[in-house]
Amino acid sequence: MGRHDGNRAHLVALVAAVVAAFVLLLCAGGCQSGGRARGAQGVPGNTGGGTPAYLGFGFTHTQYSADLGNDGARSNAAGVLSADPMPQNQHIMGWGADNPEPRPGSYNFADLDRRVALMRSTRATPVLTLCCAPDWMKGGGNRTNWSQKSLETAPDRAHYKDFAHLAGVIAQRYPDVRHFVVWNEFKGFYDDSRKRWDYEGYTELYNLVYAEIKKQNRNALVGGPYVVMDTETPGNASNASSLQGPWGVVDQRSVDALEYWDKHKAGADFVVVDGSSYTRDGNRMLPDEFAATRKFADVSTWLTKTTGLPVWWAEWYVEPPDAQDNRRGWTEPHRIAVQATAMMELAGAGVATAFYWNPEEQTADCPGCLWSATQLGSGGGKLPMMDLLQRFVTAFHPGTRLRTPDVGGSDAAHVRALASDRTALVVNTLDRPITATVDGHDIGLGAYEVRWLT
């Protein structure tokens, strides 16, 4: 998105940002007015509508995406994506992209070219996550080891400059890509001897990459550190921080990593994190799966106050995984209802950008996926999570003034709601039908129903 032109527009944007930041600070403990069921925070303005770091909601491509598969299904998926364009994120190695530099100075961008082409053709704002590193940068040889352990190994310090150079080559190859995230979840940067993150090493790598990207494209935006804001149960946290709420306690080691990066970074255009609304110990959702999503708002508010930067969530999760890291325990209505509530919290906190991590399958059964598998002849069709995401993108894009609707009735406490001047999103958090009054209108909601009102 382009910048607003003129001194007057710049002044208006500055005043709006100051007002919104003040409201966010007041809402750090939760905004609620008498007689209303609290949905997302009552923020008078979703700031940043005219600044390039505010992309709104989008998604990340993973192993199987709409660039491969049956021609008809790929065409279907492209049509879905083009109908309501949104930011799309792709990693430079892994998650559908081959090793971009299998040998020093020898490049292979075929997969990355194809993903970027998909983003371009579907009118997306393209984003690249600069992870992971070729094997020769991390003690391996010229053959790619695709094991998870190898993929998640950080480059050796001696090769930090080589990785930064690769990032610069990529920035030069795709001049229309203006947004870059440096690394992913501190992968390979955990120091077992000190039982903490090697945030010094990460920040050194980040600063080299930041400088190289800016050298190649002065209009590019770069952010980090993409640390996981892990949560533990109150009273059981062994590394408890002061960043906590009914939903749990954020690990102090994550806080330390972010604060060190913030203090020692060469520069940044946005701050990036990810996380889940359930705890790391036992996957507990406190007080329940809907109320636990309040974590996303509280952490976002803390990030805004700590860094002063636009906040990006590279991933967010609401449904606990099983032993194989699959999330199949909920019905689709239940899943969509909790996801909608989480997105309300993110938007209400003024988050600049948030990427849904798109699951992938090659079969018809794909809980939480955005479109049906393009490996199927009838695939590529829109699924419920994509419908929610696209409606949300349209209704609550950056710059939209948000409000909390008036919700009344005996079931008001079980309703989450967020509205703009033209649209309201209402969620029933119970597995049974309820009735409620929203902005003076009586409505009935089915079990876990997500309803859009105009």
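Hi everyone, let me start in a loop: C132 is found between β3 (126-130) and α4 (148-151). What joins C131 and C132? The link is a cis peptide bond, with omega at about 15°. Please keep in mind that what we have on screen is a predicted model.

There is another cis peptide bond to show you, and here the partners are G224 and P225, with omega at about 0°. P225 lies in a strand, namely β7, which covers residues 221-228. As background for both stops, most peptide bonds are trans, and most residues other than glycine have a negative phi.

D325 is not a glycine, yet its phi is positive, about 65°. You can find D325 in the loop that runs between β12 (311-317) and α9 (332-348). D439 also has a positive phi without being a glycine, in this case about 50°. Where is D439 placed? Look at the loop between β17 (434-438) and β18 (441-445).

Now let's turn to a glycine. G48 sits in the loop between α1 (7-26) and β1 (56-60). Why does G48 count as buried? Its relative accessible area is 19%, and the cut-off for buried is under 20%, so G48 falls on the buried side. Which residues does G48 touch, once we leave out those up to four places away in sequence? The answer is Y54 and P398. I also like the pairing of G48 with A352: the two are 304 residues apart in sequence, while their C-alpha atoms are 7.1 Å apart in space.

Last stop, the empty space inside. Rolling a probe the size of a water molecule over the atoms shows where such space is left. How many cavities of 30 Å³ or more does the structure hold? There are 2. The largest cavity has a volume of about 90 Å³. It is lined by 14 residues, and those closest to its centre are Y64, E360, E361, W371 and A373. If we sort the lining of this largest cavity by class, we get 6 nonpolar, 6 polar and 2 charged residues.

Definitions and conventions:
Residues numbered from 1 in each chain as written. Predicted model: local features only at pLDDT ≥ 70, side-chain atom pairs only at ≥ 80, totals over all residues. Heavy atoms only, no water. 1 Å grid on protein atoms, 1.4 Å probe; cavity = no way out; pocket = protein on both sides within 12 Å on 5 of 7 lines; lining within 4 Å. Points joined across faces, edges and corners; volume = space filled by probe spheres on them. Nonpolar A, V, L, I, M, F, W, Y, C, P; charged D, E, K, R; others polar. Helix = DSSP H or I, 4+ residues; strand = E, 2+ residues; numbered from the N terminus. Buried < 20%, exposed > 50% of the residue type's maximum accessible area, 1.4 Å probe, protein only. Contact = heavy atoms within 4.5 Å.
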